[in-house]
Amino acid sequence: MQDEPVIAWHETKKITWEDFKDTPNNNTRASAITASGISFGFSIKLQNNKVVDFSTEVHAHFYPHKSWVKPTDANHHILGHEQLHFDITELYARKFRYEISKLSVSNNIKERLNALQNNINSELKKMQNTYDVETNYSRNFEAQEKWKTFIALELKKYNTYKNN
């Protein structure tokens, strides 16, 4: 699925219902599903079998062809809930970049980067689940607003680590 189209997270570009391309699952109570995730790559520079440098790329992506909405449920409020799922993915991409910035060059950098990726993805999944539970999948409007404020503050806190 290398050529699957993705939408990179950007603070001025919000997702729209037109971005949800998959067929809705009518066997669930869910109104919509946002498929998003962190893509990660790295390269390591060796000299005399010793790691002398490394570089990384971390991106928050939305996957249109794995995201869907039931047309009868497509409203502004639910879209805001789905956008926040994508924003949470961006938050964890920033946290990932922050953690990477604290690493130093070493011969076990590959293992450290892979462990960091596993940890970030685990934390991201936990946060996404907590968000859905606490907002009752967007049905709790008050909790939804609290999460919107919380994620905006967290994104700001990690602003140095956004992709340019």
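Contact is taken here to mean heavy atoms within 4.5 Å. The model is predicted, so that local features require pLDDT of at least 70 and side-chain atom pairs count only at pLDDT 80 or more, while totals for chains, interfaces and linings use all residues. Residues are numbered from 1 along each chain as its sequence is written, and side-chain values use heavy atoms, with hydrogens and water left out.

Helices (H or I, at least four residues) and strands (E, at least two) are DSSP runs, numbered from the N terminus. His-85 is located in helix α1 (residues 76-101). With a relative accessibility of 8%, His-85 counts as buried (under 20% relative accessible area; exposed is over 50% and partly exposed in between, with a 1.4 Å probe and protein chains only). Neighbours within four places in sequence aside, His-85 is in contact with Thr-34, Ser-36, Gln-128, Tyr-131 and Asp-132. The side chains of His-85 and Gln-128 are joined by a polar contact of 2.5 Å. A polar contact is a pair of N or O atoms within 3.5 Å; within protein, one must be able to donate a hydrogen and the other to accept it, and residues adjacent in sequence count only if both atoms are side-chain atoms.

The largest nonpolar core has 36 residues, of which Ile-38, Ile-88, Tyr-92, Phe-96 and Ile-100 touch the most other members. Such a core is a set of buried Ala, Val, Leu, Ile, Met, Phe, Trp, Tyr and Cys residues joined through side-chain atoms within 4.5 Å. Two or more residues of this core come from each of β3 (36-47), β4, α1, α2 and α3. The most are given by α1, with ten residues. Leaving aside neighbours within four places in sequence, Phe-96 is in contact with Ile-38, Phe-40, Val-58, Leu-113, Leu-116, Gln-117 and Ile-120.

At the start of α3, a side-chain oxygen of Asn-140 lies within 3.2 Å of the backbone nitrogen of Glu-142.

An open sheet is formed by three strands in the order β1-β4-β3, with antiparallel pairing; two strands pair if DSSP finds at least two bridges between them. The edge strands β1 (7-8) and β3 each pair on one side only. Two bridges join β1 to β4, and Ala-8 stands opposite His-61 in β4. Val-52 also lies in β4 (residues 50-62) and is partly exposed, at a relative accessible area of 36%. The C-alpha atoms of Val-52 and Val-105 are separated by 6.4 Å, although the residues are 53 apart along the chain.

In the loop between β1 and β2 (32-33) lies Asp-19, which is buried at a relative accessible area of 13%. The side chain of Asp-19 reaches the backbone nitrogen of Thr-16 at 2.7 Å.
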